[in-house]
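Let's take a walk through this model together, starting with its strands and ending at its ligand. Keep the viewer open as you read.

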Amino acid sequence: MSTCRLVVVGAGITGLTAAWEWRRTHPDGAVVVLEAGDRIGGKLNRVELAGRWYDTGPEAVLARVPEAVELIEALGLADQLVPARTTQASIELPEGRFPLPAGTLQGVPTSADGLDGVLTPAGVARVRAEADLPPLQLDGDVSVGGLLRERLGDEVVDRLVEPLLGGVYAGRPDDLSLAATMPALAAQLPAATSLLGAALAARDAGARSRGDADGPVFVTVREGIGSLPAALVQASGADVRLCTRVTALRRTAGGFELDVAGGATLTADAVVLATPAGPTAELLADLAPDAVEPLHGIPYASMAVVAMAFPEQPVAAGSGLLVPPVTGRLVKGVTVSSSKWPHLDGALRVRSSVGRFGDDAALHRPDDELTAAVVADVADLLQLERAEPVQTELVRWTDGLPQYLVGHPQRVAAIRSAVAEVPGLAVAGAAYQGVGLPACIRDARRATQSLD
Ligand SMILES: Cc1cc2nc3c(=O)[nH]c(=O)nc-3n(C[C@H](O)[C@H](O)[C@H](O)COP(=O)(O)OP(=O)(O)OC[C@H]3O[C@@H](n4cnc5c(N)ncnc54)[C@H](O)[C@@H]3O)c2cc1C
């Protein structure tokens, strides 16, 4: 397939990485990227905030797995990588603010030590009492919340795991799949007798496999992670067509045909669908009908991010605050970017998000009202002395994050196997095996490789 024409649908990080990978591995091949929106990047987006580029989508990438950092380096942007200056966040609770306990696995404790304050004395005792429960027995996938409530009590879920896992998925632990969102923990459970033991084993296995535990955990890009899409387009030389929504996909004798809104039809030798689950289901209705139902089983959470710049002033909140629903607050987290990232100095730059899966009432407010309410909540949480922002930017992420509900791995397996029946077709993206950028990049690579 060295000279063939690949059409990628969707110009998010997944689609643009697939295009870049294809050109890298097929120098004579052509790549067209069709994007429904009027800009490249999908969830990657940056705004100018008080004179600096500032991300309103992803703002950090995990550096303890290689994919994102390697891609940034391969794009010639190694000198743009900035390690986080601090990652010490705190949890806001009705009783006060507590540093995030060290050594948890996405909020799941590995012992009852170090939990005082974040959990009440009764909550800590409940964690310690896991040793007295009958040995752990699991049959298939379960919800994170269901298992943890049973083994460690409600407080671990509502005060620790919800803000951490909820921050990544904008989802609720009671809905989310253990196997899909905590695969390292799930892998240890069959051999473990206790959940704490499994969490400890998973944490140690992760540390061993990473080897170099000294490097930064998170990095960002000086000009914004939102600068990567343009760099990918430039490096791939892809023909990117904006405002081009694909409405139908068909098999032909020689390859594929794609209809786009407005009436045009394009041909392709191979196709990567790097679109969210809903549009992917529509496009696969005829070609891979068995993928449709499992794709519809992947709903999305909507949220809004408010980026704020305040006059420079000291705040004592480390890299930020996790704000679980038990606080009754509007916002679900505050990132103090000017503390977290050294290049964002000179003003107090903060971002805060609103909205979770199944809880989007606040998102119905008009822009001005929502922004004002978020600013007020943030000013109160950070105890700002100069609480009048010099600039605010509201970005709405409707259907921003896929929800990996119980049974997600089975859904993904069914989708992949239905798509594999169609040679020359692949699906990739945040809907499947990881919402973070490294996972999307990995999935884009897997998709392009599967076409050869
Ligand atoms: C607010 C927020 C903060 C986040 N923070 C982080 C973070 O700090 N670190 C991290 O690693 N990850 C983070 N994530 C997750 C990560 O950004 C996303 O999972 C990832 O960017 C998704 O990329 P994607 O290419 O798979 O999908 P998308 O970015 O959704 O791209 C899909 C594209 O397909 C297009 N499309 C849809 N239908 C069609 C059609 N029919 N025809 C043509 N085009 C179509 C869409 O317009 C879109 O541009 C965050 C996500 C959000 C929303």
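Helices (H or I, at least four residues) and strands (E, at least two) are DSSP runs, numbered from the N terminus, and two strands count as paired if DSSP finds at least two bridges between them. The model is a predicted one, so local features need pLDDT of at least 70 and side-chain atom pairs count only at pLDDT 80 or more, while totals for chains, interfaces and linings use all residues. Residues are numbered from 1 along each chain as its sequence is written.

Strand 3 (residues 46–49) and strand 4 (residues 52–55) run antiparallel and are joined by four bridges. Arg46 stands opposite Asp55 in strand 4. Two residues lie between the strands, and Ala50 in the turn has a positive phi of about 50°.

Next come the sheets. Strands pair through backbone hydrogen bonds, either parallel or antiparallel. Three bridges link strand 6 to strand 9 (residues 218–221), and Val82 faces Thr220 of strand 9.

Strand 12 (residues 256–260) is joined to strand 13 by four bridges, and Asp259 has Thr265 as its bridge partner in strand 13.

Now for the ligand. Which residues come closest? Of the 36 residues that surround the ligand (C-beta atom, placed from the backbone, within 6 Å), the closest are Gly10, Gly12, Gly42, Pro58 and Gly429. Helix 1 (13–25), strand 15 (300–310), strand 19 (391–402) and helix 15 (437–450) each supply at least two residues of this shell. Domain 1 (5–44 + 227–298 + 404–450) and domain 3 (300–402), with bounds from an automatic or database domain assignment, both give residues to the shell, so the ligand lies between them.

Two of those contributors also pack together. Helix 1 and helix 15 meet at an angle of about 45°, with their axes 8 Å apart; axes are lines fitted to C-alpha atoms, for helices over the stretch in contact, and angles run from 0 to 180 degrees between N-to-C directions.
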